[in-house]
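Dear colleague,

I am handing over the structure we spoke about, and it is shown directly below. My notes on what was found in it follow, and I would be glad if you read them with the model open.

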Amino acid sequence: MTSVAAIVTWRRANELRRLLASLATWREPPLLAVVADHAPDGSSEKIAQAVNLPVRVLQDAKNPGPGAGWTRAAQEALRSCPKAEIIWFLDDDVLVEAEASLRLSAALNRFGLAAPLLEDANGRLWGFPEPLDRRARTRIRQARTPEDALHLLGPGPHPLCWCTGACVAVTTSHYLKTGPHRTDFYMLGEDLEFSMRAATNGEAVFLCDAVVSHLPPERPGSSQAEKVKFCALLQNLAWLSFHSPRSRHMK
């Protein structure tokens with residue numbers, strides 16, 4: 001299935017370079033990767049020129065947040081490649097190997113959204129989607145590695161309630177039906193809200209045999225920046241818990 005990629009980046013040149021290089025190794029690389037650069041300094045353009053992949057960079061120094069970045073990037077990707085069947089929504093700090101892309105793409109023959117498990121640099125389970133099945137929710141919380149989750153739940157596909165947006169594959173038709181990411185959350189939570197809408201009627205699943213590395217830079221952010229992010233997350237999750245009709249599992 002043909003695809004495009006929508007990526008949001010902010011001062012992560014090394015991570016963006018690594019991600020784009022991984023996309024170029026796929027058996028069917030994206031027709032186009034659109035990068036929403038929210039801290040433009042010229043590095044993204046240099047990376048785009050060096051990688052063996054069609055890349056377009058959209059600059060926005062106002063830093064409107066991931067939701068706005070993914071929305072703008074997806075719109076540009078579909079405008080340039082209207083026949084693309086899949087949209088990949090990606091953080092700049094993931095590493096998507098070819099095998100994971102094939103497994104997730106295959107799941108989209110039956111479903112509208114597919115998400116992987118996320119592992120850290122040490123092979124530990126960094127994050128996982130929230131299973132729709134209550135028993136699966138209990139089992140997956142016992143896992144420490146993706147291998148544990150695969151053993152406890154099986155490969156899937158497993159219906160999900162919501163998932164993080166670090167790596168999500170969505171069919172173009174389902175994306176157009178679901179609608180874009182919210183742009184008023186600024187940061188943290190817009191990906192969960194989007195996945196909740198996409199999961200309506202059992203259209204969203206995750207795979208335990210598709211694993212994507214989530215490798216943020218080791219340098220820590222300032223304590224003030226981390227407080228701002230944490231407060232934004234609490235605010236947005238509280239809003240979802242009490243206002244979204246699809247957030248019955250969020251509280």
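**What was found**

Ser44 lies in helix H2, which covers residues 43-50; please keep in mind throughout that this is a predicted model. With a relative accessible area of 4%, Ser44 is buried, because that value falls under the 20% cut-off. When its neighbours within four places in sequence are left aside, the residues in contact with Ser44 are Thr9, Leu16, Asp37 and Val57.

Helix H3, residues 66-80, is made up of 15 residues, and the 21 Å from its first C-alpha to its last is close to the 21 Å expected at 1.5 Å a residue. Its buried residues are Gly67, Ala68, Gly69, Trp70, Thr71, Ala73, Ala74, Glu76, Ala77 and Leu78. The cover over these buried residues of H3 includes strands S1 (3-9), S2 (32-37), S3 (55-59) and S4 (86-91), together with helices H7 (172-178) and H8 (190-198).

Turning to the aromatic residues, the structure holds four aromatic pairs. In one of them, Phe89 and Tyr175, the ring centres are 5.3 Å apart and the planes stand at 45 degrees, so this pair is tilted. Since Phe89 belongs to strand S4 and Tyr175 to helix H7, the pair ties together parts that are 86 residues apart in sequence.

Key:
Residues are numbered from 1 along each chain as its sequence is written. This is a predicted model: local features need pLDDT of at least 70, side-chain atom pairs count only at pLDDT 80 or more; totals for chains, interfaces and linings use all residues. Side-chain values use heavy atoms; hydrogens and water are left out. Helices (H or I, at least four residues) and strands (E, at least two) are DSSP runs, numbered from the N terminus. Buried means under 20% relative accessible area, exposed over 50%, partly exposed in between (1.4 Å probe, protein chains only). Contact means heavy atoms within 4.5 Å. The expected span of a helix is 1.5 Å times one less than its number of residues. Rings of Phe, Tyr and Trp (its six-membered ring) pair if their centres lie within 6.5 Å; planes under 30 degrees apart count as stacked, over 60 as edge-to-face and the rest as tilted.
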